[in-house]
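I opened the model to look up a few contacts. My notes follow.

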Amino acid sequence: ARDATAMPSGKRELAAMLILVGGLAGWLASLLMRRDASMGLILNVVVGIVGGFLGGWVLPKLGLTVGTGWMAYLITALIGAVVLLLVINLVTRGRAR
């Protein structure tokens with residue numbers, strides 16, 4: 001039996017997982033940052049995926065790891081998406097929200 005928390009092995013599975021988990025992370029981040037009303041589905045997915053890359057780059061530099069598998073990607077993407085939305089808020093509104 002396959003571990004339910006393992007990352008997918010195929011390219012299509014990986015792409016689907018990035019979109020689904022990235023979308024979930026982007027949506028959760030938009031709720032946390034009170035931007036849900038101004039963001040649609042596509043932007044939530046983009047913020048989540050970019051947040052995943054951002055979190056995956058920043059967290060190891062800070063000496064932090066969250067593990068492996070899709071749940072770790074969700075946590076990493078959520079942290080990265082929140083940071084991304086903080087930066088966007090600072091640039092567009094001049095303050096972090």
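I started with Ile-79, which sits in helix H3. I keep in mind that this is a predicted model. Is Ile-79 buried, partly exposed or exposed? I found a relative accessible area of 36% for Ile-79, so I logged this residue as partly exposed. Next I checked Ile-79 against Ala-29. The two are 50 residues apart in sequence, yet their C-alpha atoms are 7.9 Å apart in space.

Then I turned to the helix pair. I looked at H2 (residues 41-61) and H3 (residues 70-93). Their axes lie 6 Å apart, and the packing angle is about 100°.

Which residues of H2 and H3 meet? From H2 I listed Val-47, Gly-48, Ile-49, Val-50, Gly-51, Gly-52, Leu-54, Gly-55, Gly-56 and Leu-59. From H3 I listed Tyr-73, Thr-76, Ala-77, Ile-79, Gly-80, Ala-81, Val-83, Leu-84 and Leu-85. I sorted the residues of this contact by type: twelve are nonpolar, seven are polar and none is charged.

Last, I looked up Ser-30. I placed Ser-30 in helix H1 (residues 11-32). Its relative accessibility is 0%, so I noted Ser-30 as buried. What does the side chain of Ser-30 contact? I found a polar contact with the side chain of Asn-44, at 3.5 Å. A polar atom of the Ser-30 side chain also lies 2.7 Å from the backbone oxygen of Trp-27.

Key
Residues numbered from 1 in each chain as written. Predicted model: local features only at pLDDT ≥ 70, side-chain atom pairs only at ≥ 80, totals over all residues. Heavy atoms only, no water. Axes fitted to C-alpha atoms, helices over the stretch in contact; angles between N-to-C directions. Helix = DSSP H or I, 4+ residues; strand = E, 2+ residues; numbered from the N terminus. Contact = heavy atoms within 4.5 Å. Nonpolar A, V, L, I, M, F, W, Y, C, P; charged D, E, K, R; others polar. Buried < 20%, exposed > 50% of the residue type's maximum accessible area, 1.4 Å probe, protein only. Polar contact = N/O pair within 3.5 Å; in protein donor to acceptor, adjacent residues only side chain to side chain.
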